[in-house]
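Here is a short briefing to read alongside the model. Please keep the sequence and the 3D view open as you go.

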Amino acid sequence: MKNRFTDIFCEYQVFGEDNYENRFLNKVFIFVCSYINNHKAYFFSNACDIERIVDYCRPSFEHIGSIVELHQLKNIKTNPFFKEYKDCIKIGQQILKRFAYNLSRTADQKIATPPFWIDMPRLFELYIYEKMLKANEGKSSKIKYQFSTYGNALDILIKQGKHSIVIDAKYKLHYKHGEVHADMRQVAGYARLNKVLNELAYNNDDFVKDAVLPCLIIYPDVKNGIDLEKNLSAFNIENLITPYRRVKAYSEIYKLGVKLPLIYE
C-alpha cells in the first residue's frame, strides 16, 4: 500500500486452464452451439460433420468457466503468454458482435445486420464508378478510377478538357446537413497535385493547366438524393457540376447526394 511499508499485499495470477482467454472462448462456443441447435435446417447437409466437431470440442471446455463480464467480452486483448489465441479471439469477437452479446438472439430467425459490417465506403466507391461508366458509355478512357499520386489515390478522375473533375465518394451521412472540412482540404489537395494536372493536360488542348480544377464530393442521401436507377443521365460528365451544388465556403468544390438501392422483403 502506498507509503505504508508495513502493510503489503501481494497477488499473482495463476496460469491454469481456467484462464480468462479460455473462458472467453467457452462463451463463444456456447453461442455457436445455441445457434446450431436453433437453426438445424441451415446445417442439414453437414449435420453429422458439425456434430462431430462440436462433440470433439466440448470436452476441452469441461473444466472451463463461462462467466465473463460484458465489458471484458468487448475489450478482450491477446495475452502475451497466449499469442496463439490471437486469431481465435478475433473470430470470437466477431461472432459475439453478430449476436449483440445476447444469447437469446441466437434463436432469432431474422437478425438486422447493419451495413457497416462490410466495407461500405469501398462498396459505395465501386457503385459510383459503375454508374459513372454506364452514364458515359464510350468514354471509359476519360474516367480514371483510383488514379495513384505519390501515396494518394483519387477515387475518380474525369479527364475531359474543361469538364475535368476530381471526384471523391464519401460514405458519410453528415453531408446531408453540412460539410466535413477535412474532406474539402483533401480533394482540394488532390486537385493541385502536379501529377494530376499533367495527366489532364496531356494531349488535351481544352484543359487549362493554371485553372482551378473543380472537385466533386458524392455522398449517400436516401431521401433527397438523385435516384441513379431512374435518372442515370445526372451522371453524365457534362451534368455533374452545377451552380446549386456548389459548397458556398469554397471555390470550385461541389457536392452531390445520391440515393442508394434498397431491397424490400
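Lys139 is partly exposed, with a relative accessible area of 25% (buried means under 20% relative accessible area, exposed over 50%, and partly exposed in between, with a 1.4 Å probe and protein chains only). This is a predicted model, in which local features need pLDDT of at least 70 and side-chain atom pairs count only at pLDDT 80 or more, while totals for chains, interfaces and linings use all residues. Residues are numbered from 1 along each chain as its sequence is written, and side-chain values use heavy atoms, with hydrogens and water left out.

**Salt bridges**

- Lys139 forms a salt bridge with Glu238, and their closest N and O atoms are 3.2 Å apart (a salt bridge is a side-chain nitrogen of Lys or Arg within 4 Å of a carboxyl oxygen of Asp or Glu).
- Lys139 sits in the loop between α5 (120-135) and β1, and Glu238 in the loop between β4 and β5, so the pair ties together parts that are 99 residues apart in sequence (helices are DSSP runs of H or I with at least four residues, strands are runs of E with at least two, and both are numbered from the N terminus).
- Glu238 is partly exposed too, at a relative accessible area of 34%.
- A salt bridge also joins the side chains of Glu199 and Lys159 (3.3 Å, N to O).
- That pair links distant parts of the chain, with Glu199 in helix α7 and Lys159 in the loop between β2 and β3, 40 residues apart.
- Lys159 counts as buried, at 15% relative accessibility.
- Within helix α2 (residues 47-57), Asp49 and Arg52 lie 3 residues apart, about one turn of the helix, and they form a salt bridge whose closest N and O atoms are 2.3 Å apart.
- Asp49 is partly exposed, with a relative accessible area of 38%, whereas Arg52 is exposed, at 53%.
- How many salt bridges does the count come to? The count is 11 salt bridges.

- β1 and β2 run antiparallel and are joined by 6 bridges (two strands pair if DSSP finds at least two bridges between them).
- Lys144 has Leu157 in β2 as its bridge partner.
- The hairpin of β1 and β2 has 2 residues between the strands, and Tyr150 in the turn has a positive phi of about 50°.
- β2 and β3 also pair in the antiparallel sense, over 3 bridges, with Ile158 opposite Ile165 in β3.
- The hairpin of β2 and β3 has 6 residues between the strands, and Gly161 takes a positive phi near 50°.
- β2 is mostly covered, as 5 of its 7 residues are buried.

**Helix α7**

- Val196, Leu197 and Leu200 are the buried residues of helix α7 (residues 194-201).
- Seen down the axis of α7, these buried residues fall within an arc of 95°, so they line one face of the helix (the arc is that of the directions from the helix axis to the C-beta atoms).
- The buried residues of α7 pack against β1 (143-149), β2 (152-158), β3 (165-169) and α6 (181-190) (contact means heavy atoms within 4.5 Å).

**Strands β4 and β5**

- β4 and β5 run parallel, joined by 6 bridges, and Cys215 has Ile253 in β5 as its bridge partner.
- β5 is largely enclosed by the rest of the structure, because 6 of its 6 residues are buried.
- Ile253, Lys255 and Gly257 point one way from β5, Tyr254, Leu256 and Val258 point the other way, and all are buried.

**The loop between β4 and β5**

- Leu240 lies in this loop between β4 and β5 and counts as buried, at 0% relative accessibility.
- Not counting residues up to four places away in sequence, Leu240 touches several residues, including Met132, Ile165, Leu216, Arg245 and Leu256.
- The C-alpha atoms of Leu240 and Leu256 are separated by 8.2 Å, and the two residues are 16 apart along the chain.
- Arg245 lies in the loop between β4 (215-220) and β5 (253-258).
- Which side chain of opposite charge is nearest to Arg245? It is Asp221, 11 Å away, and Arg245 is buried yet has no salt bridge (Lys and Arg count as positive and Asp and Glu as negative, while His and the chain ends are not counted).
- The side chain of Arg245 does make a polar contact with that of Tyr244, at 3.4 Å (a polar contact is a pair of N or O atoms within 3.5 Å; within protein, one must be able to donate a hydrogen and the other to accept it, and residues adjacent in sequence count only if both atoms are side-chain atoms).
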